[in-house]
Amino acid sequence: MKNFAFVFPGQGSQSVGMLDAWGDHPAVRETLAEASEALGQDVGLLIKEGPKEILALTTNTQPVMLVAGIAAWRAWLAEGGAQPSVVAGHSLGEYSALVAAGVLTLSQAAPLVRFRAQAMQEAVPVGTGAMAAILGMAAEQVKAGCAEATAAMGAPGEVVEAVNFNDPMQTVIAGSKAAVERACELLKSQGAKRALPLPVSAPFHSSLMKPAAEALARRLAEVELKAPQIPVLNNIDVAIETDPARIREALVRQAAGPVRWVESVQALQARGVEAVIECGPGKVLSGMVKRIAPGLASGFIQDPASLGEAKQLVA
């Protein structure tokens with residue numbers, strides 16, 4: 001069997017009906033029931049019927065993506081899938097990875113990620129923050145352009161930063177709306193192929209999220225974390241931590257720090273991983289893996305058919 005890793009997607013991969021293809025799979029049904037009880041709402045109904053605009057609210061998106069990732073993970077185990085040698089997650093997906101590794105239970109994680117979403121939304125008033133994807137430009141050049149745009153703004157709070165290093169030529173920036181717009185214009189003038197505004201309600205992973213990180217620290221202090229049963233690679237330090245206190249502290253910093261996904265995939269490869277399986281809706285991460293490390297095999301699990309294909313991939 002290949003040495004393989006599981007990775008869990010974050011916000012942006014959600015869609016109405018994203019669990020329909022599982023039918024009445026017991027593992028999926030039980031996951032939805034557990035999350036619904038923890039959140040005090042029918043999560044299965046929210047995922048099945050939406051509507052899209054309600055599902056896209058960050059306070060809903062974060063819990064449903066957590067649930068969808070864990071549903072696929074539990075289906076994999078129920079169908080005899082082997083344990084990966086390491087797990088990781090993109091931004092919010094790290095919470096799914098921690099549940100898979102036994103650090104958190106789903107009943108702990110579902111309300112925790114909803115709290116995280118609320119704290120992030122409240123950190124910056126709606127309409128004053130923004131994010132954009134910069135395509136066709138190296139990350140170092142994007143970082144330099146953001147620093148230049150921030151300096152040109154010359155006002156406290158008017159900042160823009162590189163926050164998601166998704167692949168070698170795709171970096172997401174975030175900050176105040178005016179600073180992000182200025183950086184987009186500047187980076188296009190410096191050679192970026194495209195600067196795409198993202199349909200999000202807050203400048204996630206930027207320093208403007210520090211109030212959210214502080215609120216999350218207080219909340220996490222009340223949550224019991226266990227030592228991981230599977231190594232978890234975090235994306236704030238690109239490190240594997242075994243001490244629950246250090247895992248907790250990394251989660252706090254992650255809320256207001258960059259997602260170092262390129263380095264995370266490279267670190268998986270350096271650990272001898274031969275295949276990376278995306279566990280949950282969409283194929284965003286498997287696409288990134290191909291662009292970051294073409295030598296790695298990649299697959300995904302989002303329904304029974306793709307689960308079967310993933311088994312073949314790692315066999």
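User: Start with Ala245. Is Ala245 buried, partly exposed or exposed?

Analyst: This is a predicted model. The relative accessible area of Ala245 is 43%. Buried needs under 20% and exposed needs over 50%. Ala245 therefore counts as partly exposed.

User: Which helix holds Ala245?

Analyst: Look at residues 244-255. They make up the helix that contains Ala245. That is helix 10.

User: How far apart in space are Ala245 and Val163, C-alpha to C-alpha?

Analyst: In sequence, 82 residues separate Ala245 and Val163. In space, the C-alpha to C-alpha distance is 24 Å.

User: Now the strands. Why is strand 5 described as largely enclosed by the rest of the structure?

Analyst: Strand 5 covers residues 170-176. Buried means under 20% relative accessible area. Strand 5 is largely enclosed because the number of its residues that count as buried is 7 of the 7.

User: How many bridges join strand 4 to strand 5?

Analyst: Strand 4 covers residues 160-167 and runs antiparallel to strand 5. The two form a hairpin, with 2 residues between them. The bridges joining strand 4 to strand 5 number 6.

User: And over how many bridges do strand 3 and strand 5 pair?

Analyst: Strand 3 spans residues 129-135. Its pairing with strand 5 is antiparallel. The bridge count is 7.

User: Which residue of strand 5 is the bridge partner of Val160?

Analyst: Take the residue of strand 5 that stands opposite Ala130. That is Gly175. The bridge partner of Val160 in strand 5 is also Gly175.

User: On to the backbone. Which residue does a cis peptide bond join to Gly50?

Analyst: Omega is about 0° at this bond.

User: What is phi of Ser91, and is Ser91 buried or exposed?

Analyst: Ser91 lies in the loop between strand 2 (86-89) and helix 5 (93-100). Its phi is near 55°, a positive value in a residue other than glycine. With a relative accessible area of 12%, Ser91 is buried.

User: What about Val238: where is phi, and is the residue buried or exposed?

Analyst: Val238 sits in the loop between strand 7 (232-233) and helix 10. Phi is positive here, near 50°, and the residue is not glycine. Relative accessibility is 18%, so Val238 counts as buried.

Technical notes:
Residues numbered from 1 in each chain as written. Predicted model: local features only at pLDDT ≥ 70, side-chain atom pairs only at ≥ 80, totals over all residues. Heavy atoms only, no water. Buried < 20%, exposed > 50% of the residue type's maximum accessible area, 1.4 Å probe, protein only. Helix = DSSP H or I, 4+ residues; strand = E, 2+ residues; numbered from the N terminus. Pairing = 2+ DSSP bridges.
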